[in-house]
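Work through the exercises below with the structure open. Each task is followed by a solution in steps.

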Amino acid sequence: MIIVKNLVKAYKGHKVLDGISLGQAKGEKVVIIGPSGCGKTTLLRCLNQMEVFDSGTISVAGVTIDAALDHSSKAWKQSRHELRMRVGMVFQSFNLFPHMTALENITLAPVRVKGMHAAPARRLGADFLEKVGLGEKAGFYPSQLSGGQQQRVAIARALAMKPDVMLFDEPTSALDPEVKEDVLGVMRKLAYEGMTMLVITHEISFARDIADRVIFMEAGRVVETGPAKEIFLRPKEARTIEFLSKLLPRSPKLKTAVLVPDNQLSLEDLWD
Amino acid sequence: MKDMQVRRGKKYKKIIEAAILLSPLLALFTAGASADTLADVKARGVFRWGADAEGGAPYVYQDPKDPDKLIGFEVDLAQALAARWGVRAEMVQNNWDGLIPALGRGSFDFILNGLEITPEHLKQVAMSKPYYIYSQQIVTAKDRGDIKTQEDLKGKKVGVLSASMSQRILEKMGGVTIVSYAGNSEPCRDLRNGRLDASLMDYPIALYYAKPYAELKFSGKPFAYGYYGMGVLKKDAALLNDINLALDALLAEGKLKAIYKKWGMWEEDMGSKMKRYGKEDAVVEESPAAGLPWGKYLWLLLKSAVVTVELSVISMVLAVGLGLALALARLYGAAPLRWLSTAYVEVVRGTPLLIQLYILYYGLPNIGIKLTAFIAAILGLGMNYAAYEAENYRAGIQAIPRGQMEAAMSLGMTRMQAVRHVILPQAMRIVIPPISNDFIALFKDSSLVSVITMVELTKMYGMLANATYNYMGLGLLTAAIYFGLSYPASLAARHLEKKLAYDHR
C-alpha cells in the first residue's frame, strides 16, 4: 500500500529525512516513534505532499511521486492530487474549519472536491459523525466542542473522503489525558475494521494494542523496525533502548523489558 | 473681481455691528495715535493697503519670474497713489475673507483688492469712486460660433468660478448647466478638452487665465459690468476725499488708462462709464440661494447627500473588489502578478488622492481619455481605497493559521478552493472592522471630488453657506446628515460582524 524509497528531504543543507525506505501492506498498522526532530512528522507530510522532497520516490495505493518529476508539470500536479485523495490526514492541532459546523467540516470536501450533492453528503457526514460517537454534535461549531471531540470530527472529516490510507500525526498530544482515550478508542475501532494506518504517537500502550509493526526513527533515518513485541520487549539498538527508557520512566516493567535482554515479559505486562 | 467680498462682507456684518457696540472700548486700541488716518499716513510717510496676493492674478500676485516681488494692476495703482502723495506704498497681506474686519482692526489704511461697490459693502465701509469697471466675459473654444451673448448660454454647459458673480448671474438667468470650479485655471482646461461649451468669468480673470491659450477665444462683448472701489473706514472722510481726488486726477491725466493698457484691461468706454458713476446702476446679483426657507436648504443638502452616498457606495464596491484581487495576486499569484500588485499598493498609497483625481480628470484627456466627472470620481476613490483594502485583506488572510490551508489541501482541495471556502470566510470576519472603518473614511473623503466639479454634500454646503453666511447652522445640519448616514453604516457593519462570528462559546 505504501512504498517509500530513499526519501531525502533537506532544509538549508540539513537533512531532515536522510534516505528513508519503508513499505506497508494493505490493512497493516504501523506506528512511528522517535524523539522530536527525528523527521517523523516530515515523513508523514511528504506522504500527502504537504512537503516537497528532494530525492527518492513515494508510492501510495498505486500513485507514485518521484522527486525527479518536474514540479510545475500538469502530470505532477495530477498525481499529487490523486495521492491526496487516497491519503487521509489527521493533524496534531485538529485544524478544523472554525467557521463551519461539525457536519459542514465533514461535507465540504465531498461536495467541493468530489462534486457530491448536498443531501447525500449530509447523510454521509452524519454517518461518519455517528461512527466517531458524535452523532448529536452535527450542528456544533468547533469552538463549542472539547479537544477530544474536535479531533474525532477531524478523523470523521478525513474518513469521509474514503481514503485508502490514514495518516495520524500525534493525534492525541494536544489533548487532556481524560479525553485522549475517546480519540484512541475511535482509532482502535478503525484499526479493527482493517484500515491501513500510519501513526506517529507517544502512546505506547496504544501502539502495543494496534501496531503490527513499530518503526523507531532518529536523525532522519529508520533506526530499527519490527513487530511491537520485538521493539518494545527486546529492542536491539542502543538508541532505541535509550529512547524507550526515557519515554516511560513511570513503568518499571518497561525498564525491565528494555534493560534485561532475556526477560520473560509479554506486551500485556506493559503499562497496565 | 469675485463677488466673494459681497458675501464675505455680509458675514462680517455681525462682527462689525458688535464692533460698533464696543467702539468706545475699541477706540482705545485702534486709534491711539490720531482720529484721522490721513494725518497718520502723512506723518508716517507710508500708506498701507490691504490685499490678498494668493491666487490674485492679475490684481496682486507674485511675479512668476521673481516670487519675492508682487505685481498686478493694483500694485501699479498703489504706486501711482504713492507717487501722487509723496509717500511710500506698502502692501499688507490679508486673507480676502478678513479684509473688512482687518481694516476695522487697523491692520492697514484701506482696502485695494477688487472690492465691489455694493450696498452691502457700503453698509460696512466707505467706498471710493470706482478705479476699475469689471464685466463678464464669455470664453469658448476657438471654433465655436454659436455662443455670443448671455442668452446664448441657455441650454449649454458653462464653467464658472465657484460662488463668483459669474455664477450668480447664470443662476439668476436659469436654464444653464452650471459647472462650478474651485479655481480659475480648471474651467479653462475643461474648455480646451471639450468638457464645457463655454466659461463665464470676470474680464480681468479671463485676460489672465484664458487669453494665453490659442485654442480659446473671447466670444462676444463683455457684459454685466460693476465697479471696484477702495474700502476706507467710515470715519476717514479726509482719506476718502484724498483718494477720490487722486483717482479723478489719475483718470484725467491718463495714468489710469496707461496702467490698464499695460495690463491689456482697458476698454474705450471705461473713462466715460467711470464719470457716469452713481448715475446708473451696475449689475449686482445676490445669490438666488440666499434667503430661502430652511426646508429648501435641507432639501438641497439631502439631494446632494444622495450623490455622496452613490459615490461612496459605488467606489467602495470597486475598492473592495479590486482590493481582494490585489491581495490574492500578491499572496498567491505568480511572481509578475505579485510584483505588480505590490507596486500598485505602494504607489497608490504613497500619493495623494487629490493628485490622483486631478490626473484622472484633467490629465487623462491629454492622452485622449475623457472621463465624466462622476466616473473619474468613482475610479479615483475606488482605486485609491482598493490599495488600503488590499492591505486589509492581506493582513486578514495572513492571520489565518497555516494549518487551515494544509487541512483543506490534504482533503484534496485546490489552493483556490481552499482560499475560497476555508481561508476567505475566516479572513472576512477579521477584515470587516477595518473595511467598515475605511468605508466611513471614504464617505467623508468623497468630498474631495468637488475639485473635479462634482457637487456632493460638502460642496453643496459650501455653496449654500457662501450664499447665506450661515456657516454655523448649515454646517451643523450638514454634519448631522453625514452622521445620520455614517452611523447606520457602522451599526450595519457591527451587525454583520456578529453574524459572521463563529466563536459561539
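**Exercise 1: Domains**

State how chain B is divided into domains.

Solution. Chain B has domain 1 (4-132 + 227-275), domain 2 (135-225) and domain 3 (294-500); these bounds come from an automatic or database domain assignment. The C-alpha centres of domain 1 of chain B and domain 3 of chain B are 48 Å apart.

The model is predicted: local features need pLDDT of at least 70, side-chain atom pairs count only at pLDDT 80 or more, and totals for chains, interfaces and linings use all residues. Residues are numbered from 1 along each chain as its sequence is written, while chains are lettered from A and ligands numbered from 1 in the order in which they are written.

**Exercise 2: A helix pair**

Describe how helix H16 (residues 353-363) of chain B packs with helix H17 (residues 373-398) of chain B.

Solution. Helices (H or I, at least four residues) and strands (E, at least two) are DSSP runs, numbered from the N terminus.

Step 1. The angle between H16(B) and H17(B) is about 140°, and their axes are 9 Å apart. Axes are lines fitted to C-alpha atoms, for helices over the stretch in contact, and angles run from 0 to 180 degrees between N-to-C directions.

Step 2. H16(B) and H17(B) are therefore oblique to each other. Angles under 35 degrees count as roughly parallel, over 145 as roughly antiparallel, 65 to 115 as roughly perpendicular and the rest as oblique.

Step 3. The contact uses Leu353(B), Gln356(B), Leu357(B), Leu360(B) and Tyr361(B) of H16(B), and Ala373(B), Ala376(B), Leu379(B), Gly380(B) and Asn384(B) of H17(B). Residues are in contact if their C-beta atoms, placed from the backbone, lie within 7 Å.

Step 4. By type, the residues of this contact are seven nonpolar, three polar and no charged. Ala, Val, Leu, Ile, Met, Phe, Trp, Tyr, Cys and Pro count as nonpolar, Asp, Glu, Lys and Arg as charged, and the others, Gly among them, as polar.

Technical notes: Two residues are in contact if their C-beta atoms, placed from the backbone, lie within 7 Å.
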